[in-house]
Amino acid sequence: MNKKIYVVLKEQIDLARPDAEELKRVDKLTEEFVMVLERELKEAGYGAEVFIGGSYAKGTLIRKEQYDVDVFVRFDWKYDSISSMLETILRRLCKTDGYSLEILHGSRDYFKVHVKGYRVYFEVIPVTKIKKPKEERNVTDLSYFHVPYVRRKIKGLQDQVRLAKTFFAAQKVYGAESYIQGFSGYAVECLIIYYRSFVKMLGSFSQMKIGERVVIDIEKKYKKKNDVFFELNESKLQSQIILIDPTYKERNALASLSHETFARVQKAGRDFLKKPRAGFFAAQETNVGALKKLGSKGGREFLHLRISTDKQAGDIAGTKLKKFVRLLNEELNKYFRILREEFEYDEKHSADIYFVLQSRGEIIRIGPPLFMKHHVSAFKKEHMHTYEKNKHVHAVVEVNFTARAYLDVWMKSNEKTAREMGITGMKILLEN
């Protein structure tokens, strides 16, 4: 290994490992919470059982300002309303034992239980007690199988996982949430189990070609890797890396990974291997100054927008905001080349979007077919420069307006569309 890389990684491992005393505190608080939760579940008579999951259970926890522990409550198959059942139990628990409750909505509602006076919270997730992965009702049901697999396979590789998680988080690609479309904690652990090294993983990523689909089947669930493309549903094959879940062959653990996200981590990986430095592991704010400078060159334009939503903070709000940004992207792309785009979600209810754009100068608009004489006549009246091609009328439209002016008009005329998409506020910010 390159000496510079070794020095940087050694330093980052020390920074990523949780403090021993902090871990002891988390252990104690977790033990106490599970004991109280199990007592409440027993009194309710549901026969539900508790198991600890996530990075904490797998031994791959990284140092944080606030620690979270995944606590799964497994309910019998006969129960359907397990979220409401668990909510009743947690409300009763939080009234008497120094905890506060937060409800999070999703495909199945789950909960955050904050420990008062400590930088620790428990993410309490209701799941169905299943014997085999194929019996899943919700993807969270599969966590029960992930924990023992990772614990068995990850021994000696925990620090490599911590490096990967820290690096991915700094590059804003850590998380399978819809607005990130990146790498879940479980996917990162599986990748390290496969590659055995953070550096080898980055090296492999850097060699993958654009559009190339790579199959990683750690436990050789398929006789031939190409069998994956015939046996898995096409919707599960959209990511560039198809990571077969080692515990469930019908699942791609990286199905949510977008090509945009992979391209971002691929570039960051190449840059790090070329010039290793600690900055790659530290979250960086968007360099607005650099974007402004880029947008001031050669007829380019810099644009800063802020949009907001009243949806639940986290995945739901972030996804709504990101979806609206995609719509803005499509609209701007009609008349401008998008040279740079940065999306900064505040993890609450708003996001800042930065664009560096360049006018297309002129665009070709295709009109109606020539046999539709009335429509052709109207099209020609609407556009100054027209011509006929492939049995259609065409128009040359000059882009003689700025992106700011175009978007200002577009947003005013599309307020209803924005509201329907969950957007409560949108404005173009003036920059000094």
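Begin with the cysteines: the structure holds zero disulfides, a disulfide being a pair of cysteine sulfur atoms within 2.5 Å. This is a predicted model, in which local features need pLDDT of at least 70 and side-chain atom pairs count only at pLDDT 80 or more, while totals for chains, interfaces and linings use all residues. Residues are numbered from 1 along each chain as its sequence is written, and side-chain values use heavy atoms, with hydrogens and water left out.

Select Cys-94, which counts as buried because its relative accessibility is 11%, and then Cys-190, which counts as buried because its value is 0%. Here buried means under 20% relative accessible area, exposed means over 50%, and partly exposed lies in between, with a 1.4 Å probe and protein chains only.

Five strands form an open sheet with mixed pairing, in the order 1-2-5-4-3; two strands pair if DSSP finds at least two bridges between them. Helices (H or I, at least four residues) and strands (E, at least two) are DSSP runs, numbered from the N terminus. At the edges are strand 1 (49–53) and strand 3 (99–104), each of which pairs on one side only. From one strand to the next, the twist averages 25 degrees, where axes are lines fitted to C-alpha atoms, for helices over the stretch in contact, and angles run from 0 to 180 degrees between N-to-C directions.

Move to strand 3, which pairs with strand 4 (residues 110–115) in the antiparallel sense over six bridges; here Tyr-99 stands opposite Val-115 in strand 4. Then select helix 5 (residues 143–153), which packs on the sheet and touches strand 1 and strand 2 (67–75). The direction of helix 5 makes about 50 degrees with that of strand 1; contact means heavy atoms within 4.5 Å.

Within strand 2, pick out Asp-70. Which residues does Asp-70 touch, not counting those up to four places away in sequence? They are Phe-51, Ile-52, Gly-53, Gly-54, Glu-123 and Ile-125. Asp-70 is buried yet has no salt bridge, and Lys-58, the nearest side chain of opposite charge, is 7.0 Å away. A salt bridge is a side-chain nitrogen of Lys or Arg within 4 Å of a carboxyl oxygen of Asp or Glu; for charge, Lys and Arg count as positive and Asp and Glu as negative, while His and the chain ends are not counted.

Finish at Tyr-118, in the loop between strand 4 and strand 5 (120–128), which counts as partly exposed because its relative accessibility is 42%. Tyr-118 touches Arg-25 and Leu-29, not counting residues up to four places away in sequence.
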